[in-house]
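Colleague: I am new to this structure. Please take me through the labels on it and say what each one rests on.

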Amino acid sequence: MSCKTLSFYRSYLGSESISFLRRRKVDSSKSQILDPSFEKEDDKKNQYKSSQRRSYSSKKGSCWDNCCWFIGVMCSVWWFLLFLYNAMPDSIPQYVAMAITGPLPDPPGVKLRKEGLTASHPVVLVPGIVTGGLELWEGRQCAERLLGKRLWGGSFGEFYKRPLCWLEHISLDNETGFDPPGIRVRPVSGLVAADYFARGYFVWAVIIANLAHIGYEEKSLYMATYDWRLSFQNTEVRDQSLTRIKSNIELLVATHGGKKVVVVPHSMGAQYFLHFMKWVETPAPRGGGGGSDWCAKHIKTVMNVGAPFLGSPRSIALQLSIEIRDIANLRAQAPGFLDRDVFGLQTFKHLMRTFRTWDATFSMVPKGGETIWGGLDWSPEIDSFDISVKKEKNNRTHNAGQNRKSNVCNTKGVNYGRLISFGKEWAETHSSKFERADFKNVAKDDKVANSSNCDIWLEYHEMGNKAIKAVADHKVYTAESSLDLLHYVAPKLMARGSSHFSYGIADNLDDPKYEHYKYWSNPLETKLPNAPDMEIYSLYGVGLSTERGYIYKVSSPSDCQIPFQIDTSVNGDSEDSCLKDGVLSGDGDETVPVISAGFMCAKGWRGKTRFNPSGIRTYIREYKHAPPANLLEGRGTQSGSHVDLLGNFALIEDVLRVAAGASGEELGGDRVYTDIFKWSERINLQL
């Protein structure tokens with residue numbers, strides 16, 4: 001049989017079978033019509049299918065309705081709570097808080113008003129780095145809608161909307177240290193400039209409110225604002241900020257019957273005001289021309305809060321790798337995230353470039369070298385320190401070292417004199433057992449990356465593998481050699497910084513070279529004013545783990561990468577070691593070590609010294625950290641943390657009593673919890 005014949009039969013049988021099936025279907029339908037029972041079954045099937053469809057559609061609609069209902073309820077609750085927050089009397093939340101925690105203690109201002117204390121001396125507040133607001137007065141096209149509005153401080157909403165535009169405007173010119181061409185950013189004026197850093201995060205607001213309780217108002221309070229990004233002298237060159245402070249203090253004294261001002265600087269503001277006191281007495285045009293007795297006539301007391309008089313090791317880490325402990329831990333938990341290009345923003349390198357344009361950050365570099373901070377095999381704080389956060393019933397302790405608890409950081413194998421170590425081995429080994437390579441003469445001739453491949457330029461792009469290796473082979477860096485390190489890795493940056501700040505110890509303060517303004521903010525290279533009736537306080541928090549040194553590693557070389565990182569994998573040999581996550585910790589307020597905040601008032605300025613020739617009285621008041629008792633206490637009324645200290649009730653009470661006329665002796669003199677006097681005695685400084 002041929003193929004054609006087979007295909008014919010196959011097609012024929014197929015067509016016949018289809019026609020047969022069609023006839024069967026018609027016949028069955030006829031039989032269904034004739035058979036009433038079959039018709040009933042068909043109706044049942046149709047009803048079942050329709051009910052299933054209705055059930056499915058109802059379920060689908062129910063899910064959608066539930067989602068809409070949930071969103072509606074959440075929005076309604078949110079708006080209702082927002083309405084209550086803005087409409088209800090303040091007494092209601094206070095009533096709820098009192099019902100939970102019991103009667104709340106009176107704020108210091110209310111307490112002292114009941115004792116009869118009232119406003120006396122006008123008060124000048126000097127904010128520190130970062131905490132003062134900045135606003136835009138001229139900028140690029142991307143920032144047209146921000147003219148006259150805050151660029152720093154407040155909500156920071158513009159950072160999230162346009163990060164690269166925001167960073168461009170908040171940065172300074174790398175060559176001049178002033179605003180880039182076509183951009184004008186200026187400090188906010190008035191008390192609102194630094195009352196809150198961001199919504200709900202107070203800086204000076206609590207102190208201002210308590211001063212108001214005893215009678216202060218804006219005419220007796222002055223916020224000495226300045227652009228904290230600029231070098232101290234450049235704030236006068238560009239904005240005449242030092243002249244404005246001088247004029248406002250003179251006005252306050254004149255309008256308050258000749259009563260001298262009480263100045264309360266915070267953080268870097270203490271260094272800024274130290275610069276001001278030297279500037280105001282220096283003859284014009286280099287200084288304010290106020291004469292050698294200006295401070296004696298106008299200033300009663302300077303109460304420095306959290307003052308980094310001798311700098312902070314944090315500054316070295318930030319300049320070297322834009323890291324501190326928290327940032328290093330974040331990098332460890334999310335490797336590569338901060339280095340990744342997210343929406344065109346390489347976070348880490350942009351932050352480094354911006355930070356390195358702020359000249360004021362150089363004021364925080366450690367001062368005094370190995371004499372103050374320790375050498376390769378010694379440091380003044382060789383004892384273990386207390387990091388207990390237990391509350392003290394007696395808050396007026398005057399003996400150093402008293403009230404010690406068992407929660408103590410173990411300093412075994414720790415040498416704080418080594419601020420930077422490349423590897424744990426070199427952080428702990430005695431210097432006699434290793435050799436250090438000299439890095440300063442190693443040529444930078446084999447560049448790791450071509451800067452044209454990078455979205456931003458950093459001075460690290462000019463370093464090569466040999467230079468990076470030479471830095472690590474030097475092994476350890478003290479406060480003195482850390483300066484050499486920064487000069488090597490960022491020469492242009494340090495050339496600008498060194499023209500405005502100095503970090504040494506003066507051999508002869510009568511040497512004419514110390515008349516240059518770069519020495520005025522270093523207490524080891526300048527004299528206090530001739531004002532024997534003036535008082536100087538150092539008020540700072542203690543009992544918090546504070547960064548004192550770092551263990552670094554060299555990251556794998558690649559295009560545009562920062563070559564040095566804190567090695568967060570390094571820890572001490574015991575659980576209570578002072579070495580954790582690549583960071584060596586000491587006592588302080590989390591930002592400023594005790595030795596930096598307390599040494600000058602404990603020894604350098606104590607009595608008549610070459611740094612304090614008129615014998616200005618100095619006092620130390622330490623505030624032992626205690627965490628908030630509950631969530632309703634916010635950031636705590638006994639906090640010793642660097643910024644939260646401005647809400648510490650004990651500190652506020654001290655400030656208010658001095659503003660009302662009290663002296664240091666009437667406050668009770670020194671109050672210390674650490675061994676600051678013992679540590680200061682170990683520092684061999686000619687006085």
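Colleague: At what angle do the axes of helix α7 and helix α21 cross?

Modeller: Roughly 45°, and the axes come within 10 Å. Helix α7 covers residues 205-213 and helix α21 covers residues 649-659. Axes are lines fitted to C-alpha atoms, for helices over the stretch in contact, and angles run from 0 to 180 degrees between N-to-C directions. One caution on the source: this is a predicted model, where local features need pLDDT of at least 70, side-chain atom pairs count only at pLDDT 80 or more, and totals for chains, interfaces and linings use all residues. Residues are numbered from 1 along each chain as its sequence is written, and side-chain values use heavy atoms, with hydrogens and water left out.

Colleague: What makes α7 oblique to α21?

Modeller: Set the angle against the classes. Under 35 degrees is roughly parallel, over 145 roughly antiparallel, 65 to 115 roughly perpendicular, and the rest oblique. The crossing is at roughly 45°, so α7 is oblique to α21. The crossing is also right-handed. That term applies if the near helix is turned clockwise from the far one by less than a right angle, and left-handed applies if anticlockwise.

Colleague: Which residues make the contact?

Modeller: Val 206, Ile 207, Asn 210 and Leu 211 from α7, with Leu 651, Ile 652 and Leu 656 from α21. Contact means heavy atoms within 4.5 Å. By class there are six nonpolar residues, one polar and no charged. Ala, Val, Leu, Ile, Met, Phe, Trp, Tyr, Cys and Pro count as nonpolar, Asp, Glu, Lys and Arg as charged, and the others, Gly among them, as polar.

Colleague: How do you know what counts as a helix or a strand?

Modeller: Both are DSSP runs, numbered from the N terminus: helices are H or I, at least four residues, and strands are E, at least two. The protein chain has 23 helices and 21 strands.

Colleague: Why is the link of Cys 142 to Cys 165 called a disulfide?

Modeller: The rule asks for a pair of cysteine sulfur atoms within 2.5 Å. Here the S to S distance is 2.0 Å, so the pair qualifies. The count by this rule is one disulfide. The link of Cys 142 and Cys 165 is right-handed, with 80° about the S-S bond. Cys 142 lies in the loop between β2 (134-138) and β3 (150-152), and Cys 165 in helix α6 (residues 163-170), so the pair ties together parts 23 residues apart in sequence.

Colleague: Cys 142 and Cys 165: buried or exposed?

Modeller: Buried means under 20% relative accessible area, exposed over 50%, and partly exposed in between (1.4 Å probe, protein chains only). Cys 142 has 32%, so it is partly exposed. Cys 165 has 8%, so it is buried. Cys 295 at 0% is buried, and so is Cys 601 at 1%. Of the 687 residues of the protein chain, 51% count as buried.

Colleague: Where is the cis peptide bond?

Modeller: Between Ala 284 and Pro 285, with omega about 5°. Pro 285 is in the loop between α10 (268-281) and α11 (294-298).
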